[in-house]
Amino acid sequence: MAEPGFVRRYLFSLDHKVIGIQYLVLSMFMALCGGAFMVLMRMNLAWPGVKWPLLGALFPHAMQSGIMKPEFYLSLVTMHGTVMIFFVISLALASGIANFIIPLQIGARDMAFPVLNMLSFWTVVPACIVLLSSFAVDGGAPAAGWTAYPPLSAVRTAVPGSLWGQTLWIVAMALFIISFTMGGINFITTILEERAQGMSLFRMPLTIWSYLISSALGLMAFPALFAAVVLLLCDRHFGTSFYLPSGLFFGKKLLPNTGGTPLLWQHLFWFLGHPEVYVLAMPAWGIVLDLFPVFTRRPVFGYRINVYCFYAIAVLSLMVWGHHMYVSGMSPYAGELFSLATLAITIPSAVLGVNMLASLWGGAIRFRLPMMFAIGSLVMFGSGGFGGMFLGNATSDIQLHDTYFVVGHFHLMIGGVTLLATFAALHYWYPRMFGRMMDETLGRIHFWLTFPVFYLIFVLMHFDGLAGMPRRYYSWEKYDFLAGVRGHQVWISLLAFLLGAAQLLFVYNFFHSIRKGRPAEPNPWDATTLEWQPETSQVYRWPYDYSVPGAATDFTPQNTK
Amino acid sequence: MTNANKGGRAVALAVWLLAAAVVMLAFSRRWLPALASDHGAGVDRMLHFTMLTAGILIVVCHGALGYMLWRFGGRERAGFRPVSERSQRRWSLAAAVFMALVAEGGVLAVGLPVWAQYFGSSAPANALTIEVTAEQFAWNVRYAGPDGVFGRTDPKFYTLDNPVGVDPADPRGRDDIVALNVLHAVAGRPVRIRLRAKDVVHSFFLPNFRVKQDAVPGMTIEFWFTPTREGRFELACAQLCGFGHYEMKGILIVQSPEEFRKWFEEQSRG
């Protein structure tokens with residue numbers, strides 16, 4: 001067979017490694033977009049009503065004479081959330097790294113369905129294009145929040161972004177779900193069917209376990225959102241009333257709809273929305289649990305228990321969506337059940353956290369970049385998790401719902417835990433991707449500008465939430481009860497700009513090191529797993545044989561008899 | 001000290017400093033808005049219980065993590081003593097039991113009784129009923145008037161002058177008091193809110209009262225609370241409802257019974 005040409009090799013590639021890197025590069029581009037939206041939002045929140053003439057020239061309509069319009073602010077809020085959750089973290093962690101590492105770690109030659117794999121990437125590219133192009137349509141980008149609650153998202157005159165932008169949002173989400181479903185099927189099949197000889201399920205690294213369980217969870221949860229967006233599309237364009245009750249009054253006109261309820265959307269959306277958090281967080285935990293042994297030279301603590309915790313969290317996560325709806329008008333009795341179920345999740349989560357901590361005990365910790373980011377991820381997981389105890393509890397959620405406490409909490413969890421684990425994974429597997437190391441000095445600067453800054457921003461937001469600061473506000477100038485805390489927005493914005501700038505450093509480091517990085521040794525971290533042992537056909541042991549008494553080296557690869 | 005260990009100590013210090021920052025922030029000011037409702041004391045008890053337990057957990061966990069990074073950073077080789085299956089199970093069991101007690105125990109013992117009182121009980125007979133109809137971007141307020149009965153409403157009667165759609169044919173509705181963005185209530189007398197929405201989902205948020213309830217089109221949601229002191233309190237919309245969301249502000253004026261009666265009679269005459 002002839003060597004594949006450039007197009008076959010780098011564009012429409014069937015190679016899981018190339019596809020994984022394609023996902024990563026796409027997610028970095030989307031992260032730059034999502035970051036730019038953040039910068040615009042934070043400028044307005046810190047200095048409301050200030051004129052930015054340059055931006056006025058850039059966005060003549062949305063920022064007329066340099067002042068941001070409230071509807072443009074809401075479009076930025078919506079797009080930042082949608083892009084970061086579905087097109088950055090999902091693409092980087094749950095698709096990109098998964099694609100790259102799953103076949104390598106289980107000793108498979110490639111994914112079970114390489115064509116499907118290529119297709120899933122090339123389905124998500126149009127999703128990104130459709131979503132971003134919504135800024136150019138009449139009315140601008142969607143403005144109903146990433147949660148898109150109807151009737152705001154369903155009635156086309158409810159907010160300018162609902163005119164056409166929301167339709168593009170629906171199309172982008174549908175394409176994304178199709179792509180994610182194809183990816184999930186591929187991951188599960190590959191993990192179950194393509195493992196090397198001797199790689200029994202309980203010899204798989206926890207990373208693989210986390211991808212197996214989170215992919216299954218995603219396959220169960222995402223269809224609900226797919227159904228939900230199709231119904232929303234029908235309500236918007238074909239005159240149905242799934243989410244629209246009778247008596248809706250817009251623009252001096254009574255709408256003809258009858259019989260629907262806005263709560264239906266909330267149930268469907270959060271039936272996906274909550275498991276989605278775990279679809280993203282679980283791989284992060286798997287990676288952290290796998291990196292600790294490499295950089296402590298000790299076996300992971302509680303291997304099987306961690307697997308059972310993954311299972312428990314996956315099952316429980318399908319039963320807790322109502323904790324987003326305590327004050328939505330849902331039955332208060334349901335609120336009691338959802339409180340108990342939600343706080344039940346803290347139990348396996350706490351076990352995971354304790355096992356991560358205990359994995360450090362007695363180790364010889366090597367503070368290389370992957371380890372530092374993994375530790376950062378653990379810190380976010382702990383602090384974010386304790387914030388969850390407030391929100392999962394219906395009684396305290398009455399006060400905190402839809403405030404900055406929620407914003408701080410989910411940024412620590414699906415922002416911090418997953419982002420830092422992604423950085424850990426990228427630094428760790430970079431030598432396997434490109435045969436070179438990422439620059440250590442740049443990496444350290446990036447770490448110190450990311451981990452503490454990220455933590456402080458979102459911890460401060462928790463406290464502003466306790467003070468009652470509502471989220472998705474264009475400004476809080478009108479409210480006297482927030483007089484003491486709205487000044488924090490300036491600090492938060494300055495820290496956020498620093499955080500955003502630091503990420504450019506990472507992107508530079510990533511691309512610069514592809515050609516200029518220090519050449520890597522074949523097994524630069526002295527790790528046991530298969531991606532560092534070329535041409536493995538037989539596995540003899542689990543992946544955590546570090547510092548085995550009597551062994552020649554302090555690590556014994558999985559393919560050593 | 002090796003280079004790697006220096007890095008470890010820096011990370012350990014950062015972990016400790018971040019925990020210290022959390023504690024300092026927590027004590028730097030009173031974060032919760034001043035309390036003005038009866039059941040709010042129960043909500044605050046739940047919040048304080050969780051703040052205390054989560055705060056202790058944050059300090060302990062950051063402390064332990066920093067300690068391990070400090071102690072084990074840069075060691076030449078790992079400890080050889082393997083961890084037994086039994087001790088792994090024990091630690092996990094300890095974490096599970098502890099979390100069950102703190103989290104589930106907190107909900108069951110401190111939280112749900114307050115929740116049940118707030119949502120599960122019907123308002124006392126002397127409660128003042130206020131109907132609040134949310135729309136983009138205002139709160140329409142209606143009192144039953146001297147006859148104590150609300151007039152029938154129907155969306156087909158919505159006009160600029162009749163924002164809540166009172167049926168003109170219904171005699172009981174003629175004395176209803178309709179106002180915009182300002183609610184009046186009496187200190188010590190329970191308030192029953194009948195919450196409705198005309199267009200999109202809004203949320204009725206009284207930060208000082210620990211009250212938050214979404215207003216959902218197509219639903220009439222009732223709940224009650226008791227103001228405990230007089231004053232002017234802000235009402236904010238807490239659910240994204242459109243470009244004017246941030247300006248959808250109302251005022252709740254809590255008065256003495258005499259002041260309220262005077263206001264009520266003025267309105268009824270008008």
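Me: At roughly what angle do the axes of α10(A) and α11(A) cross?
Reply: First, some ground rules: this is a predicted model, where local features need pLDDT of at least 70, side-chain atom pairs count only at pLDDT 80 or more, and totals for chains, interfaces and linings use all residues. Residues are numbered from 1 along each chain as its sequence is written, chains are lettered from A and ligands numbered from 1 in the order in which they are written, and side-chain values use heavy atoms, with hydrogens and water left out. Helices (DSSP runs of H or I, at least four residues) are numbered from the N terminus, and axes are lines fitted to C-alpha atoms over the stretch in contact, with angles from 0 to 180 degrees between N-to-C directions. The axes of α10 (residues 332–360) and α11 (residues 369–391) of chain A come within 11 Å, and they cross at roughly 150°.

Me: Is α10(A) roughly parallel or roughly antiparallel to α11(A)?
Reply: Under 35 degrees counts as roughly parallel, over 145 as roughly antiparallel, 65 to 115 as roughly perpendicular and the rest as oblique. The crossing angle here is roughly 150°. So α10(A) and α11(A) are roughly antiparallel.

Me: How many nonpolar residues does the contact of α10(A) with α11(A) have?
Reply: Contact means heavy atoms within 4.5 Å. Leu343(A) and Met356(A) are among the residues that α10(A) brings, and Phe381(A) is one of those from α11(A). Ala, Val, Leu, Ile, Met, Phe, Trp, Tyr, Cys and Pro count as nonpolar, Asp, Glu, Lys and Arg as charged, and the others, Gly among them, as polar. The contact has 3 polar residues, no charged ones, and a nonpolar count of 9.

Me: How many charged residues are in the contact of α2(A) with α15(A)?
Reply: The axes of α2(A) and α15(A) come within 10 Å and cross at roughly 160°. These helices are therefore roughly antiparallel. Val25(A) and Arg42(A) are among the α2(A) residues here, and Phe497(A) is one of those in α15(A). The contact has 16 nonpolar residues, 3 polar ones, and a charged count of 1.

Me: Is Tyr479(A) buried or exposed?
Reply: Tyr479(A) sits in the loop between α14 (440–466) and α15 (488–516) of chain A. Leaving out residues up to four places away in sequence, it touches several residues, including Arg486(A), Glu234(B) and Tyr246(B). Buried means under 20% relative accessible area, exposed over 50%, partly exposed in between, with a 1.4 Å probe and protein chains only. At a relative accessible area of 0%, Tyr479(A) is buried.

Me: Which residue of chain B does Gln266(A) touch, not counting residues up to four places away in sequence?
Reply: Gln266(A) lies in helix α8 (residues 262–296) of chain A. It is buried, at 1% relative accessibility. In chain A it touches Tyr149(A), Met325(A) and Ser328(A); in chain B it touches Val201(B).

Me: Which residue is joined to Pro150(A) by a cis peptide bond?
Reply: Look in the loop between α5 (114–133) and α6 of chain A. Omega is about 0° for the bond, and the partner of Pro150(A) is Pro151(A).

Me: What is the phi of Ala148(A) near?
Reply: Ala148(A) is in the loop between α5 and α6 of chain A. It is buried, with a relative accessible area of 0%. Its phi is positive, in a residue other than glycine, and is near 50°.

Note on methods: Helix = DSSP H or I, 4+ residues; strand = E, 2+ residues; numbered from the N terminus.
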